[in-house]
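Please look through the sequence and the structure shown here before reading on.

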Amino acid sequence: MDSSVPAIELRGITKSYGSVVACDAVDLAVHQGEIHGLLGENGAGKSTLMKVLLGLVQRDAGTILHHADPVEIDSPQAAVALGLGMVHQHFSLIEPLRVWENVILGDSGRIDRIAACTQVEEVGRRYGLPIDPMARVDQLSAGERQRVELVKCLRRDPSVLILDEPTSVLTQAESIELFSVLRRVVQQENRAVILISHKLAEITAATDHVTVLRKGAVAFHSRTAETTPQELARQMVGRDVSLRAEAAALGVLPVERTSITPAAGIDAGVPAGPAALSFHSLSVQVGGVAVLDELSLDVRAGEIVGLYGVEGNGQSTLGDVLSGLIVPTSGTIELGGVAVDASGPGALQRAGLGIVPEDRHRSGVVLDMSVAENLTCKALDDISARGFLSRRKMYAIARRLTAEFNIIAPSLDAPVRSLSGGNQQRLVVARELSANPTVLVAAQPTHGLDVGAIEDMYLRLRKVASSGVAVLLISTELEEVMALCSRIAVISSGRITGVLSTGEATAERLGMLVGGIAA
Amino acid sequence: MSAERTGVSLVRRTMLGLQPSRSGWQIAGMSAVAVVIVGALSTLLISSTGSSPTAALHALYTGSIASQAAWTTTLLYAAPLLIVAAGSCISSRSGAFNIGQEGQVLIGALAVAAVTLKLQLAGWALLVIGICVAALAGGFWAWLSSLMYRISGVNIVVSTLLMTFVAQQLISYAVNTSWFLQEPSVAGIAPLPESKQIATGSQLRSFGSYPNLQLSVGLILALALTVAVAVTMTRTRWGFRLKMVGLNPLTARHAGVRVAALGGLALAISGAFAGIAGAVLLTSPVGNFRLQPGVSSNIGWDGLLVALVARNRPIVAVPFALLFGILRSGGNFLSSTGVPPFLVDVVKGLLVLAFVAPPALADILKRRAATRRASASGRHAPALQGAAA
Amino acid sequence: MSFVDNTSTILSSGVRLTVPLAFAACGEYLAERAGTLNISVEAMMLGGAFASVATASATGSATIGLFAGAIVGLVVAVVHANLSHRAEINTFVVGLVLNSVVLGLTSFLIATSRFASHQVSQVSIPGLRDIPMVGDALFVERWPVYLLIIVIPLTWWLVERSRWGLELRAVGENPQAADGTGIPVNRRRRQALMWCGLLSGFGGAYLATAEVGSFNANMTAGRGYIVIAAVIFGAWRLGRSMVGCMLFGLADAMRLALPALGITLNVQFLIAVPYLLALLAMLIFATQHREPKALGQPFERGSS
């Protein structure tokens, strides 16, 4: 087949959700035998573009060409028929089913279990993705599940393979393994791969071509070899990346201890007083498995402590415990030296803990309630008298907080659903800080935010810490914790494997700790 | 947790999906058309039996709103319907979908019958105590479902449904058991499966006298409860929490709300309302003042339908409760024209669809239009490209 | 009467009362595996019962009546499926409305019509019918009973072995993921409902034309809800759901037979047994996560 004709080409794809333009006349051409990186911040339109390509979302305008033939992709089935295969960021496997059942899902014709199992094993051998076809998916680890996804995709012999943030749940070793599989897929079998990522290092290391999306439009396109991470970062953000933390968060800065200076005033001014927040042997058992395993940690007033680790090592469980959603199986949580019974809803909050949860849609806001209601929902005592609500007081508080935290909303009565991610996040922070907490826990606070909002969040966290609040930053971004924190605790399999001051932390030592090896 | 989410999405579908929007007029138009279709279908059905549709309509009119006496009956039906509906609004708001009102109505009726027939007190005191016990009993019955959900996540829709059939058998047992509530037999005649009539003093009072309009205390109670629910839901701290629990239980818990307890309480309150409705029904003329297996006569099911049509807004439930009351009282007059009264059940069901379906259809139309636009632009582009080549 | 005779009577009446439940439960089981908690199974059975009697009277053939019953069950299912899995109206609302409309409509029509009575013929299996106690119960039956011997394994095969069934299970467990894999979620759910309608209609028709021979208002009298209870009692396993039907059918038979035998047992309790057992089963099994994860949840593309 003519290699100058793209395997898949998108021309002028436009898609709006209401007044928000998610994709604005996007062009993208992907050739066989190459890995094409699609880079962009969260909300830049990468996901929408791929949903259009996969028939999950209907575009408003534009053309899709498959080997130069215009095609209509109006359903996932149509996409599959054209040889488009996708490995989703969040796994699309069906848990109670077995591996082989998941793999053949979406095919047609009679079921042949033995042939399916053989094929799973055979594809696994060919690409170095060993997996037991009879295993039930709900008993597999995250890495194994991704293998199943890949096998499922590859056995259909896709001409175009799409991977959406494939490394977000993988360890470094697993990521490297994945990219070597992908290289084999394009070089030996002449397929096309679209790699969606917001990690510059990954894109530079693994792709042949790169397209940068910004605010729904193509901002930049180049051969990867002909560009630099700095250039990509600039294109992704739309201006020179100057702020140190911001650059670090984007992965522009190499992850080396020497190149990162902790933000001024954090190391020096930390009082050595008693811990404002401490965990003692905190454990959470889920179905016999210790998700949090005797976790102990202290955070003192005025410091930012980072809790760093690969996703899925107990961070979200810790977040849920601190949000009052899960009651720890054993261990204690102390605030200001006083043990708090975390079993009652809101007990930790009343004791002075504010939390910005990892998934704000899940437990941070009520999407279908108004901005004013969301801002005041934890301070009902302040806006009511004798059980009755005072709209006047509610609006007064909401007006003050939206102004102070620069929350942009159509109106105070608008549902939070209608706000952008950054504004939703600012709303959560505003509400949590409005209670004057002594401890602030921020879990993945910059996930899904644009650079402006990230910058704003970092400044806010620093300011909060310098005002004497103890800050615990739960993050999977190494650069983020290196730039913000004075101490970094590493979590692995629900345990703290080590606590380093930023001065002692090197990528190597942290890497060992993340892998569960105490350094 | 998954069942909780189910509840949430259910309520979203029934509450939020139906709020006024840009397509509000379109929806109203479709509802109007749907009501006309329901009318046409009913006409067809009546004609098929050889009866006259105009005669049937006239009978409906005569039985429900033609005279003050007819209005009296209509309002007697509307009162318990409204009480059930107002209670449903509360449980739905919390995300728990209670469909067992029929059983809870029966339990309420059982309770009021037991109190008024077994205790020895002044009539009015018996009535007041009876209604309170009915509320407690109906609430308890619904709360059992919430308890089962908390113990092992039993789906609330299923358990409230099944508990209805258990309640029916409990009533049947009560009126078939001499030591319980069955009326003692007159010598030589086999006893009927029903209780004694409750004393006049324990029956709900009405203002006015036949043939003029008689306003039952039950209706006043119903309206008061409805207003109370409306105010509670929109103006109080408790209503705020309830809304949070319904829309996002996790955020609610994060904000310090005892989600399970509040959800259980909301379910119990909806059951208590159904229980009160049962008491009001039994102590008014349309309930014959005695416990019979069929005493609830589907008031529970219909009250739930009223709440659904009103999209869980208590004030909006008032006119719909009235409409359903009209259909009931009018339905009693249908037989005189040779049209079986069951027609009313068909009309009621179709009317619910006429109000519930249009918003869903409007949604589909909107999506179809979007797809058409997209494929139209998709077809357009290749032509351009061909021209360029 | 001897103990053997009594047991035999109760057994054979139990089997007869089980059959309509079993047909409908096969359908309900399949619909629930696909994620629809279908409460309009009552409407499907009742509609099927009425249609079979009306058709049998018109054509003079009870067999044609049986199949007409299945068709009407299918029609109810198509209406339900399109309202809840196309127009996305809450499936419980649709179920309640359909139950009310079909009950009203059939009561209305039976009140204004006269039908001649027709019954399907009995088949007895020589040799086996002479087995004491169970011979009469199992081997002297109206022929549709023997259809169950095909329908039960067929339903099992469809769910557990066919590609269609694999997709149904996927849809019932995780519709979002199934959709991403290219499975038409709502179409599969509609198809599952249609299978349910077909079998429930047939079950209702069996009740009317095979056992009773006539129709009366609300003749299914909540059997549809018993079917739901049986599937729940079976913890979403077909075999155990069938055992549930058998148990509930026998309870019904005992309720009818005991007074004649001079045994006094609480009738109301016997009627309530299926519901109580289903509730008890849920209390025990619900913690073991046996139910399809997306049971009762509507699917809309893009929402997660």
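What follows begins with conventions and then moves from the chain interfaces to local detail.

This is a predicted model, in which local features need pLDDT of at least 70 and side-chain atom pairs count only at pLDDT 80 or more, while totals for chains, interfaces and linings use all residues. Residues are numbered from 1 along each chain as its sequence is written, and chains are lettered from A and ligands numbered from 1 in the order in which they are written.

Where chain B meets chain A, 28 residues of chain B are in contact with 30 residues of chain A, two residues being in contact if their C-beta atoms, placed from the backbone, lie within 7 Å. On the chain B side, α9 (237-247), α10 (249-254) and α14 (343-388) each supply at least two residues; helices (H or I, at least four residues) and strands (E, at least two) are DSSP runs, numbered from the N terminus. The most comes from α14(B), with nine residues. By class, this side of chain B divides into 13 nonpolar, nine polar and six charged residues, where Ala, Val, Leu, Ile, Met, Phe, Trp, Tyr, Cys and Pro count as nonpolar, Asp, Glu, Lys and Arg as charged, and the others, Gly among them, as polar.

Turning to chains C and B, 39 residues of chain C are in contact with 45 residues of chain B. The elements of chain C that give two or more residues to this side are α4 (91-111), α10 (223-233) and α12 (267-285), and the largest share, twelve residues, comes from α4(C). The side of chain C that touches chain B has 27 nonpolar, ten polar and two charged residues.

Within chain C, the axes of helix α7 (residues 163-173) and helix α9 (residues 185-212) come within 10 Å and cross at roughly 110 degrees, axes being lines fitted to C-alpha atoms, for helices over the stretch in contact, with angles running from 0 to 180 degrees between N-to-C directions. α7(C) and α9(C) are therefore roughly perpendicular to each other, a term that covers 65 to 115 degrees. In this pair, E167(C), L168(C) and V171(C) of α7(C) meet V185(C), R188(C), R189(C) and A192(C) of α9(C), and the residues of the contact divide into four nonpolar, no polar and three charged.

Finally, in chain A, T438(A) sits in the loop between α15 (421-434) and β19 (439-443). T438(A) counts as partly exposed because it has 16 C-beta neighbours inside 10 Å, whereas a residue is buried with 20 or more other C-beta atoms within 10 Å of its own and exposed with 12 or fewer, partly exposed lying in between, and C-beta atoms are placed from the backbone. Not counting residues up to four places away in sequence, T438(A) touches A276(A), L335(A), G336(A), G352(A), V469(A) and A470(A).

Notes
Angles under 35 degrees count as roughly parallel, over 145 as roughly antiparallel, 65 to 115 as roughly perpendicular and the rest as oblique.
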